[in-house]
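Here is a short report on a protein model, written for a reader who works with coordinates.

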Amino acid sequence: MNRTLKWLLITFALVVFSVVALAIMVRLAHRPPEGSVLEVAIRGEIVEQAPEGSIERLIGLKARNVRDLVEAILRARDDAGVNGLLVTVDYSTLGFATAQEIRDAIIEFRESGKWAVAYLETAGEFSSGNKAYYIATACDSIWLAPPGDINLTGIRFKVPFIRGTLDKLGVVPDFDHIGKYKNAKNFYTDRSMNDPHRESMEAIAESFYRQLRTGIAEGRGMTDEAAGSLIDQGPFTGPQALERSLVDELGYRDQMEEALKERNGGELPLLDVGRYLEGGRYFRGRVKIALIYGVGAVTRGRSGHDPVYGTSTMGSDTVAGAIRQAREDDSIKAIVMRVDSPGGSYISSDIILREVRRAREVKPVVVSMGNVAASGGYFVSMGANRIIAEPGTLTASIGVVAGKFITDGFWEKVGITSDEVVRGRHATFYSAKRPYSPEERAIFRTWLDRIYTDFVGKVAESRGTTYERIHEIAQGRVWTGEDALELGLVDELGGLSLAVRRAVELTGAEEGETARLVVLPPRRGWLREVLESASDARAHVASVRSALSRLLTEGVLQRPRGVLEIPFVADFD
């Protein structure tokens with residue numbers, strides 16, 4: 001062996017040793033001290049997917065990801081260095097299904113034999129505190145600050161209608177739909193709920209109320225009837241909540257921490273979720289699973305995030321491309337698609353569904369539904385091997401709605417007029433100056449019928465049943481995940497962690513094998529983000545300019561983003 005080769009081998013060995021040593025040091029640096037307590041703070045906005053662009057990340061820097069919270073709790077469950085869980089629940093915009101997913105993770109943590117304590121400054125401050133208290137009941141003990149309240153008030157859905165405003169503005173909504181429950185247009189066309197709309201909302205409210213009552217009953221060790229009675233008696237001041245065993249202790253944060261120190265052996269080393277996850281994720285096994293997000297309204301083109309309104313879009317180019325990438329990568333053994341979408345474009349939904357079906361021919365595909373996976377959100381999901389939803393997920397809405405606003409009256413009121421030159425019999429088909437002619441309306445109706453027939457037929461094929469059966473439960477009706485399970489529209493109730501476990505099982509992996517999640521498409525590197533930040537800024541400026549252009553051409557309102565859009569269902573108070 002010559003001298004040069006010898007030194008090369010020695011240098012290589014030293015580099016490898018240094019890298020391994022550095023990795024061990026980093027892992028040791030992030031290892032929690034013995035007897036640690038993971039603090040999960042549920043406050044502010046909790047998002048499905050962290051914003052991608054540099055501008056969005058800057059604005060949404062403090063937004064917590066659902067997956068982060070769940071993975072931190074599950075990792076802490078299996079971590080011998082973590083003794084317990086402190087769940088601090090404050091005001092948050094999280095949906096009911098997200099609350100259930102976090103709550104399920106807390107329950108799994110407790111099932112390992114470890115303790116979990118919830119601390120509430122208040123469950124609602126002169127406002128509803130249903131979801132905050134619902135999450136807290138997953139813990140074995142609940143502390144409430146002395147001035148706080150338990151605003152347990154029951155379920156209330158408030159559905160707005162703007163037809164009266166449109167009439168005052170001189171704007172005429174010209175919409176049509178397929179499916180008597182497809183109520184997305186009612187927001188514009190009606191002044192109150194019609195009979196099918198009310199029937200659907202009553203069923204959703206009843207399902208949510210049942211889930212809320214049962215969760216409280218199980219968490220606090222009482223009957224459903226007792227929990228229902230307490231809901232009817234609410235809201236409660238702190239002393240009243242303590243007297244009725246809704247909470248276990250009244251005390252300020254420092255008093256709670258002193259009590260936990262005693263429970264934890266004299267020390268209380270608290271771990272932050274973000275810092276804790278720097279030491280490793282929960283899904284770090286050997287079976288490589290692609291995690292693909294489909295969040296926001298379904299649109300054509302790339303997925304995006306609007307930093308002004310805080311909304312995301314599920315772009316067919318991005319999502320279909322990610323599914324295709326996962327299908328073609330032999331190292332990826334299965335795909336989990338996380339869907340949180342009210343629907344949107346029929347064309348885009350169908351393009352994504354096509355890729356889901358193609359991927360399923362090669363490897364398992366499992367869909368995990370978030371707060372909403374309805375209309376187009378259900379469309380993109382139905383081709384999977386398994387669909388998993390939370391009981392509080394809003395799903396289905398198998399129907400079609402579309403139309404336009406006639407805004408000429410509005411512009412006349414503000415003194416703006418327009419004129420036009422047309423060629424072609426149907427040149428004014430999409431014009432905001434006049435409603436559909438009888439001939440155009442017939443064409444329009446045929447178009448909607450075609451989409452509805454295709455939607456129902458594909459659901460029937462995907463779910464292994466008949467067109468007639470799906471049509472019976474479709475017609476645009478929104479179902480909760482709990483009801484959708486009974487109807488055969490989803491396969492199982494649970495969250496992302498359950499979906500990942502099912503994906504691993506479908507790969508045929510040996511018992512005990514766990515997943516390693518790989519998010520696709522991969523996040524852009526920092527250099528690419530810097531280089532593309534100008535493009536992102538231009539895109540946001542273009543979005544504003546487009547909105548202003550639509551204002552001048554369509555009037556004060558925008559039409560729904562697509563024909564496969566869920567009716568308006570606000571989260572409950």
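## Strand E12 and its partners

E12 and strand E16 (residues 334-341) pair in the parallel sense, over seven bridges. Pairing here requires that DSSP finds at least two bridges between two strands. Helices (H or I, at least four residues) and strands (E, at least two) are DSSP runs, numbered from the N terminus. Opposite Gly294 stands Val339 of E16. E12 also pairs with strand E24 (residues 515-520), again in the parallel sense, over six bridges. There, Ala290 has Val518 of E24 as its bridge partner.

Nine of the nine residues of E12 (residues 287-295) are buried, so the strand is largely enclosed by the rest of the structure. Buried means under 20% relative accessible area, exposed means over 50%, and partly exposed lies in between (1.4 Å probe, protein chains only). Val287, Ile289, Leu291, Tyr293 and Val295 point one way from E12. Lys288, Ala290, Ile292 and Gly294 point the other way. All of them are buried.

## Basis of the model

This is a predicted model: local features need pLDDT of at least 70, side-chain atom pairs count only at pLDDT 80 or more, and totals for chains, interfaces and linings use all residues. Residues are numbered from 1 along each chain as its sequence is written, and side-chain values use heavy atoms, with hydrogens and water left out.

## The chain overall

The protein chain has 21 helices and 25 strands. Of its 573 residues, 51% are buried. Take the contacts between residues at least 6 apart in sequence: 78% join residues at least 24 apart. Contact means heavy atoms within 4.5 Å.

## The six-stranded sheet

Six strands form an open sheet in the order E10-E6-E5-E4-E1-E11, with parallel pairing. E10 and strand E11 (270-272) stand at the edges, each with a single partner strand, so one side of each is left without a neighbour in the sheet.

Within this sheet, strand E1 (residues 36-44) and strand E4 (residues 82-92) pair in the parallel sense over eight bridges. Ala41 stands opposite Thr88 of E4.

## Strand E6 and its surroundings

Four bridges join strand E5 (residues 115-120) to E6, and the two run parallel. E6 pairs with strand E10 (residues 249-250) over two bridges, also in the parallel sense. Leu144 stands opposite Leu120, and its bridge partner in E10 is Leu250. E5, helix H5 (residues 130-136) and E6 make a right-handed β-α-β unit. Right-handed means that, with the strands pointing away from the viewer, the path from the first strand over the helix to the second runs clockwise.

Both faces of E6 (residues 141-144) are covered. Ser141 and Trp143 lie on one side, Ile142 and Leu144 on the other, and all are buried. Ser141 has a relative accessible area of 12%. Leaving aside neighbours within four places in sequence, Ser141 is in contact with Ala116, Val117, Ala118, Asp248 and Arg263.

## Two helix pairs

Two packed helices are described by the angle between their axes and the distance between the axes. Axes are lines fitted to C-alpha atoms, for helices over the stretch in contact, and angles run from 0 to 180 degrees between N-to-C directions. The axes of helix H3 (residues 66-78) and helix H4 (residues 96-111) come within 8 Å and cross at roughly 10°. H3 and H4 are therefore roughly parallel to each other (angles under 35 degrees count as roughly parallel, over 145 as roughly antiparallel, 65 to 115 as roughly perpendicular and the rest as oblique). Residues in the contact include Leu69 and Ile73 of H3, and Ile102 and Phe109 of H4. By class, the contact has ten nonpolar, one polar and three charged residues. Ala, Val, Leu, Ile, Met, Phe, Trp, Tyr, Cys and Pro count as nonpolar, Asp, Glu, Lys and Arg as charged, and the others, Gly among them, as polar.

The axes of helix H13 (residues 316-328) and helix H14 (residues 346-360) come within 9 Å and cross at roughly 5°. That makes H13 roughly parallel to H14. Among the residues that meet are Val319 and Ile323 in H13, and Ile352 and Val356 in H14. This contact divides into seven nonpolar, two polar and four charged residues.

## Gly219

Gly219 lies in helix H8 (residues 195-220). At 24% relative accessibility, Gly219 counts as partly exposed. Its C-alpha atom is separated by 7.4 Å from that of Cys139, 80 residues apart along the chain. Not counting residues up to four places away in sequence, Gly219 touches Arg103 and Thr137.
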